[in-house]
Amino acid sequence: MTSFGPAAFQLVLLRRMADFQPDLAEEARHRLGASLADQREANKRWQAMVRSRTSSATGPRSRSRGALARYRSVLGPPESTAARTIGDLECEALLWRLPLWPDLRFEVLAAPDGAVWNEWLVRAPGARGPALRSADDLLPWSATVDEVARAFAPVRPMEGTAPTRWRLAFAAQGVPCVAEFTYGLLQRVSPGG
């Protein structure tokens, strides 16, 4: 891969998802026409961009501002942008289409100063999500954090095992469960809570 664009970015997402769903991630990598070497190179280049001096200039605050510019340079102009209020915080939601997940969008929530607060996959506007009634409906890659949180409210957010991971504890038909997500996409559900 010579340029770093949406295909390479999807390989980066897949690398983290492979920790939970190696078969799904491998199948998706093949759909992109990429080898394992391509994926390793994409991840290496992404990590270099994340850690570059131009991204991190003078510390974490500058690094956050550099993240939005990094997403724009890699993914191009967003498909849509919208003002969003979360609690008493105002932010901008930017959405990008990724070919591997046509019913999802990669969402970046950015502060007014351009700092990135969150980045993950969400359901595309107008796309129908899965019917989530029981834990059996929670298939890998079928739902987003928001969809599981709405379907099984109340949920308890839990710390993820890495910055790109989220966990939710909830009860499905009275059974305690924990759902794990990578980049906002459901990876697995296990008993517990």
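Reply: In this predicted model, strands E3 and E4 run antiparallel and are joined by 7 bridges. Within this pairing, alanine 110 stands opposite valine 116 in E4. The two strands belong to an open sheet of 4 strands, whose order is E1-E2-E3-E4 and whose pairing is antiparallel. E1 and E4, the latter covering residues 116–123, stand at the edges; each has a single partner strand, so one side of each is left without a neighbour in the sheet. From one strand to the next, the twist averages 25°.

Glutamate 107 forms one with arginine 84, and their closest N and O atoms are 2.8 Å apart. This pair links distant parts of the chain, since glutamate 107 lies in strand E3 and arginine 84 in strand E1, 23 residues apart. The accessibility of the two partners is as follows: glutamate 107 counts as buried because its relative accessibility is 5%, under the 20% limit, whereas arginine 84, at 31%, counts as partly exposed.

Glutamate 79 lies in the loop between H5 and strand E1 (80–86), while arginine 97 lies in strand E2, so the pair ties together parts that are 18 residues apart in sequence. Glutamate 79 is partly exposed, with a relative accessible area of 38%.

The structure holds 10 aromatic pairs. In one of them, the rings of tyrosine 71 and tryptophan 96 have centres 6.5 Å apart and planes at 40°, so the pair is tilted. Tyrosine 71 belongs to helix H5 (residues 60–75) and tryptophan 96 to strand E2 (residues 89–97), so this contact ties together parts that are 25 residues apart in sequence. Both tyrosine 71 and tryptophan 96 are buried.

Tyrosine 71 also pairs with phenylalanine 106: the ring centres are 5.4 Å apart and the planes stand at 45°, so this pair too is tilted. It links distant parts of the chain, with tyrosine 71 in helix H5 and phenylalanine 106 in strand E3 (residues 104–110), 35 residues apart. Tyrosine 71 has a relative accessibility of 3% and therefore counts as buried. Phenylalanine 106, at 0%, likewise counts as buried.

Ring pairs link Phe4, Phe9, Trp46, Tyr71, Trp96 and Phe106 into a cluster.

Antiparallel pairing holds the order E1-E2-E3-E4. A salt bridge joins glutamate 107 to arginine 84, and these residues lie in E3 and E1. Tyrosine 71 in helix H5 pairs with tryptophan 96 in strand E2 and with phenylalanine 106 in strand E3.

Key
Residues are numbered from 1 along each chain as its sequence is written. This is a predicted model: local features need pLDDT of at least 70, side-chain atom pairs count only at pLDDT 80 or more; totals for chains, interfaces and linings use all residues. Side-chain values use heavy atoms; hydrogens and water are left out. Rings of Phe, Tyr and Trp (its six-membered ring) pair if their centres lie within 6.5 Å; planes under 30 degrees apart count as stacked, over 60 as edge-to-face and the rest as tilted. Buried means under 20% relative accessible area, exposed over 50%, partly exposed in between (1.4 Å probe, protein chains only). A salt bridge is a side-chain nitrogen of Lys or Arg within 4 Å of a carboxyl oxygen of Asp or Glu. Two strands pair if DSSP finds at least two bridges between them. Axes are lines fitted to C-alpha atoms, for helices over the stretch in contact, and angles run from 0 to 180 degrees between N-to-C directions.
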